[in-house]
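Colleague: Could you take me through this structure? I would like to begin with the overall picture and then turn to particular residues.

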Amino acid sequence: MINRRTFSKAVGLGTGAAAASLAGLQIQASAATASQLSSGAAAPTVPTVTPGTHTEFSRLKHVKAGVLEIGYAEAGPAHGPVVVLLHGWPYDIHSFVDVAPLLADLGYRVLVPYLRGHGSTRFLSRHTPRTTEQSAIALDIIAFMDALKIDKAVLAGFDWGSRTADIIAALWPERVKSLVSTSGYLITDRKAQLEPAIPAVEHNWWYQWYFATDRGVKAMENVDQRIALCRYVWTLVSPNWDFSDATFARTAEAFKNPDYAAIVLYNYRWRISLIEGDRRYDRYERLLAAQPSIGVPTVTLDAALDPFTAPGDGTSYRNHFTGPYLHRTITDIGHDLPQEAPTAFAQAVVDADHL
């Protein structure tokens, strides 16, 4: 475990200033159930909202945090309990455009930051390496919380966002009140990544191998080609989601960030050890390579139509979570779970907060 003093020293040396109704859910639970959580208090029921009801955030802000000026959306009362929602790739903060108001109406202060290389988030210095180790993104969110004077929050995310929330919960559990992790335990083990997977899994990761080639690099460095690639990924990983051109175009604006290509390429090439990481993150990556357990109250979600979810019942990662725990499989939903099923995602946040 890394305490805040140790973190502040590391940040100073390496990264800058310190830091839906529940119909259709298949529920498996440990230490709690959805109707009566372990705290003894029933969680409130989130009102049902039709996906796509909201199209924009009313408040967009910026804050200097670590090596970044982070752009973020905010909703809800300023003094409410804090929820930080973390997006994945190839997505942006609009994955939570329906989730945020649901939580805000229940009294939560909801913060939705653009990750490094996305949207209006910018590096403060042109000299800062555009690296994307998994720990670097987690340190960004710790710095974001520090900048806003948030000691502890509910963290909830998917894809890169799940990984980031998992890392913070594992290494800095004192900063996490509870956790919602879509696709379960996603902390990357780079050594395991060196071993071949079954053909169907390798097929799902086609874009990772594409990014390892010069052709993939050129595609990502061309704005129009990268946007076309990202749209194609949406159709593959969310086969039942009939998203509109406007919905995709709204998110695609985030892909025009000047550092987007460098950040995305670095992350995927680093994961499969094509490149070495920045030494300033080595200590954290050694800790993460040990696949640390997560003890904070957690709800894990699997989207049944997500090609990366297997077998979809949480059994493949259950032993990584040692605290109060719930698992749910969301039927007929793909990879962008919060945008495709906002009520179910928001309910998971509320239930995690009551574990």
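**Overview and selected residues**

Modeller: Of the 355 residues in the protein chain, 58% count as buried. Please note that the model is predicted.

Colleague: How many helices and strands are there in the protein chain?

Modeller: The protein chain holds 14 helices and 10 strands.

Colleague: And what does the accessible surface come to?

Modeller: The accessible surface of the protein chain is about 14300 Å², and 53% of that belongs to carbon and sulfur atoms.

Colleague: Which residues have the most contacts inside the largest nonpolar core?

Modeller: Leu85, Trp89, Leu103 and Phe345 have the most contacts inside that core, which has 109 residues. Helix α3 (residues 134-147) supplies the largest share, with 9 residues. As a general point, nonpolar side chains in soluble globular proteins tend to be buried together.

Colleague: What is Leu85 in contact with, beyond its neighbours in sequence?

Modeller: Leaving aside residues within four places in sequence, Leu85 is in contact with Phe96, Val99, Leu103, Val110, Leu111, Val112, Pro113, Ala156 and Phe345.

Colleague: Now to Leu301. Is Leu301 buried or exposed?

Modeller: Leu301 counts as buried because its relative accessibility is 0%, against a cut-off of under 20%. Leu301 lies in strand β9 (residues 298-303).

Colleague: Which residues does Leu301 touch?

Modeller: Setting aside residues up to four places away in sequence, Leu301 touches a group that includes Val180, Thr182, Tyr317, Ile330, Leu337 and Phe345. The C-alpha atoms of Leu301 and Leu337 are separated by 8.7 Å, and the two residues are 36 residues apart along the chain.

Colleague: Where is Ser178 found, and what does its side chain reach?

Modeller: Ser178 is in strand β8 (residues 176-182). Its side chain reaches the backbone oxygen of Ala352 at 3.4 Å.

Colleague: Why is Ser178 classed as buried?

Modeller: Ser178 is classed as buried because its relative accessible area is 1%. Apart from residues up to four places away in sequence, Ser178 touches Ala153, Val154, Leu155, Pro297, Ala352 and Asp353.

Colleague: A change of topic: in which sense do β2 and β3 pair?

Modeller: Strand β2 (residues 60-65) and strand β3 (residues 68-75) pair in the antiparallel sense, over 6 bridges. Within that pairing, Glu69 in β3 is the bridge partner of Lys64.

Colleague: What about the turn of that hairpin?

Modeller: There are 2 residues between β2 and β3 in the hairpin, and Gly66 in the turn has a positive phi of about 60°.

Conventions. Residues are numbered from 1 along each chain as its sequence is written. This is a predicted model: local features need pLDDT of at least 70, side-chain atom pairs count only at pLDDT 80 or more; totals for chains, interfaces and linings use all residues. Side-chain values use heavy atoms; hydrogens and water are left out. Two strands pair if DSSP finds at least two bridges between them. Helices (H or I, at least four residues) and strands (E, at least two) are DSSP runs, numbered from the N terminus. Buried means under 20% relative accessible area, exposed over 50%, partly exposed in between (1.4 Å probe, protein chains only). Contact means heavy atoms within 4.5 Å. A polar contact is a pair of N or O atoms within 3.5 Å; within protein, one must be able to donate a hydrogen and the other to accept it, and residues adjacent in sequence count only if both atoms are side-chain atoms. A nonpolar core is a set of buried Ala, Val, Leu, Ile, Met, Phe, Trp, Tyr and Cys residues joined through side-chain atoms within 4.5 Å. Accessible areas come from the Shrake-Rupley method with a 1.4 Å probe; for residues, only the protein chains shown count as cover.
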